[in-house]
Every structure is written in structure tokens, then in C-alpha cells.
Amino acid sequence: MKNLTEQEREKKFQERIDRGEIIEPKDWMPERYRSQLIRMMSQHAHSEIVGMLPEGNWITRAPSLKRKAVLLAKVQDEGGHGLYIYSGTETLNISREELVGEFLSGKAKYSSIFNYPTLTWADIGAIGWLVDGAAIVNQTALAKCSYGPYARAMVRICKEENFHHKQGYEILATLMKGTEGQKAMAQDAVNRWWWPSLMMFGPSDKDSPNSAELMRWKVKRFSNDDLRQRFIDRTVPQADNIGIKIPDPMLKFNETTSHYEYGPINWEEFYNVIKGNGICNRERMKARRAAHTDGRWVREAAEAYAKKQTAKGIEA
Ligand code: FAQ
């Protein structure tokens, strides 16, 4: 690659992608490929970390010891996913401090979905079933993306998300077998989380500025609308199974296409949330900034310990 012009390098890079080769950290890559991956992977990592907050809200109020243990494990998993994806992002030559700094300053985004409140226990079921369900559809595709560290992270993360999905569905299925009040609570949670879950897949293809480039590089393997459709098609029958009604009067199965048709998504609400004006945006950022400040001593202690160990290693 040494004597090639930038254009020739990019051409060779695209040929590798077209052949289905996996790009690894030490391989040459266009600067734009690197920066797009940093944008997308860091947004994903921040989302996993912020995603701990709505569910963390119910750990102390889970209805039984078993539910509490399961929820605690799930929230810890999400934290682990965040750290795992941060490590993957660091292979693109950016430090954890920079990544976290961009998030805390508000420069980097996180998923719109985590700006909605968890009002009742049924919301924990709805998050597991719908939010993790949407995340699995999106991430199963990303497990086949062209960047090795991201693809490998997704394989492992999807396994855990499958457990999260099942536990959420089981919470709602249990409520739907309960009293009228419990059924109403489950339905109300799905009414509030359905549309925001569809927004997780990002804007419609015609309004998605990054999609064409990311698909050319096989970072995205399917478009936002295709993945959204896949999620709807697999989720509606699950709702039917437990007697939950999807809050969309226009939802109907099209026998010819074998897909569900659905009503219009409120994109104004989506853009409002990603601009920082959702119900919980301010609360979420406040919580993360406080956690960062309160955790300073831990970072300092870990750094001091690491330095001491290194020094010992050199002496030995
Ligand atoms: N929220 O051109 P596109 C989880 C932004 S993890 C906020 O289509 P792209 C696990 C987008 O950044 C959930 N912003 O963008 C869990 C761009 O703005 P920018 C997170 C959004 O990148 C479960 C602009 O709109 N998953 O749930 C959103 O091609 C339960 C234009 O959009 C990932 O991050 C949104 N929903 O496609 C944890 C997966 N959608 O940056 C706890 C990886 C779009 O140019 C509990 N990411 N935007 O200023 C992706 O697959 C993609 O980045 C998309 C967006 C599909 C999210």
C-alpha cells in the first residue's frame, strides 16, 4: 500500500469490503470509515450505559427477590456491553477519556429510547421485550459488519440480549395472566414504549444521511426501514400470543408481501428527543455527569495501582 495514492488505497479498501473481507484495527482504512465507526460505536456504547438508568430505577422496587436478582444481572450486563463496545471503539485510535468527554459534553448522541421514563413495573417487561428486541434485530445485523472488533462484540452481546428479551416477555406474559389491573398496566406500558421502540432504528431511509455510505462499507448490512420492518414482523405475533394489543390502528398483515403494514411514525417527536428535549434527557445527562464526578477517585486509584504494578514489573 506504501506507494499508492489516497484514491488507489480507497479503491483497494472498497474491493476488500466488496469481497466480504473483515477490516481489523491495524489495516489501512479511509479516515471517514474510521470516524463514522467512532461516531456509531461510541453512540452505541453511551446508549448501553445510559440504558442502565431507566431499568436501574426499578431494582429496589422489583416485586420479588427473583425479579430483583434477574433485573440486577440485566442492568450489569448492559454496563458490561457499554465497556466492551468502548474497548472496541478504542481500537480506532481514540481514548476512553475522549469518548466519555464527547458524551458528557453533549457532542455525542445516545439512543433516543432511553429518554422515556419507567413509570410502572410493567415498563421493565416492555423494555426487555421491545427495546432489547429491537436492539437484537439491529445488532444481529451488526454482527456481520465489516469492522472485526465491532462484529465480534455484537456476537457476544446478542447472546445476552436474547436472555434480556425473554425475561421482558415473561414479565409481560405473567402480568397478562394476572388481575385486570395487572393486564391494564402491561397494556399501558406497551402503549408508551411501542412507538419509541420503532424510532430506535433511526429515521426513514430517505431521511437517513449516513446510511448510503455505511451500507457501501458494509457497516450497515440492512437499511433502517428494513430492520424496523423485521422487528415489527417478528414482534406482532408475540403480542398476539399473550393478548397484548399493539397501539397502532393502521397495523395490518399484508398477505401479498407477508409483512405488516404500520401507521406513520411521529418523526417530530424523534427529532425533538435527539435534540435533547425528551422527557428525561436532562435527568439522564445529570445522572451520568454526577456518576463521572463521583467516580473520579476510583479512576485515580485504578491508575495509581496500574502504575505501581508496571513499576514493579520493570524492577523485576
Ligand atoms: N437515537 O443517518 P442515520 C440498546 C441519529 S443499544 C438517537 O440513520 P446512522 C441495548 C444518528 O446518530 C441501543 N439518535 O444514522 C439496551 C444521526 O445523527 P448524527 C443503541 C439517532 O448512524 C437495551 C442521525 O440521527 N444501539 O438498546 C437514532 O446511519 C435495553 C441520522 O440518522 C445502537 O446504537 C436514535 N434512535 O443509523 C440497553 C446500535 N437514530 O450522529 C439497555 C448501533 C438515528 O449524524 C436496555 N447504531 N439517530 O449526528 C446503529 O445501528 C445506527 O447508528 C442507527 C442510526 C441505526 C441507530
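The dialogue below treats the ligand and then the pockets of this predicted model.

Student: Which residues surround the ligand, and which are the closest?

Tutor: The shell consists of 36 residues, with Q43, K109, S112, S208 and K220 the closest. By class, this shell comprises 15 nonpolar, 12 polar and nine charged residues.

Student: Which polar atoms face oxygen atoms of the ligand?

Tutor: One looks for pairs of N or O atoms within 3.5 Å. A side-chain N or O atom of R39 lies 2.9 Å from a ligand oxygen, and for the side chain of N224 the distance is also 2.9 Å. At P209 a polar backbone atom is 3.3 Å from an oxygen of the ligand. Of the 1,100 Å² that the ligand exposes when taken alone, the protein buries 92%.

Student: Which element contributes the largest share of the lining of the largest pocket?

Tutor: For this, one assigns the lining residues to their elements. Helix α6 gives the largest share, nine residues, of a lining that numbers 50. Among the residues nearest the centre of this pocket are M40 and G202.

Student: How is the second largest pocket lined?

Tutor: The second largest pocket, of about 480 Å³, has 16 lining residues, with R96, V100, R288, H292 and R299 nearest its centre. Helices α4, α5, α12 and α13 each give two or more residues to that lining, and α5 provides the largest share, six.

Definitions and conventions:
Residues are numbered from 1 along each chain as its sequence is written. This is a predicted model: local features need pLDDT of at least 70, side-chain atom pairs count only at pLDDT 80 or more; totals for chains, interfaces and linings use all residues. Side-chain values use heavy atoms; hydrogens and water are left out. A residue is near a molecule or strand if one of its heavy atoms lies within 4 Å of it. A polar contact is a pair of N or O atoms within 3.5 Å; within protein, one must be able to donate a hydrogen and the other to accept it, and residues adjacent in sequence count only if both atoms are side-chain atoms. Accessible areas come from the Shrake-Rupley method with a 1.4 Å probe; for residues, only the protein chains shown count as cover. Ala, Val, Leu, Ile, Met, Phe, Trp, Tyr, Cys and Pro count as nonpolar, Asp, Glu, Lys and Arg as charged, and the others, Gly among them, as polar. On a 1 Å grid over the protein atoms alone, a cavity is a set of points where a 1.4 Å probe fits but cannot get out, and a pocket is an open set with protein on both sides within 12 Å along at least five of seven lines; lining residues have an atom within 4 Å of a point. Helices (H or I, at least four residues) and strands (E, at least two) are DSSP runs, numbered from the N terminus. Grid points are joined across faces, edges and corners, and a volume is the space filled by probe spheres set on the points.
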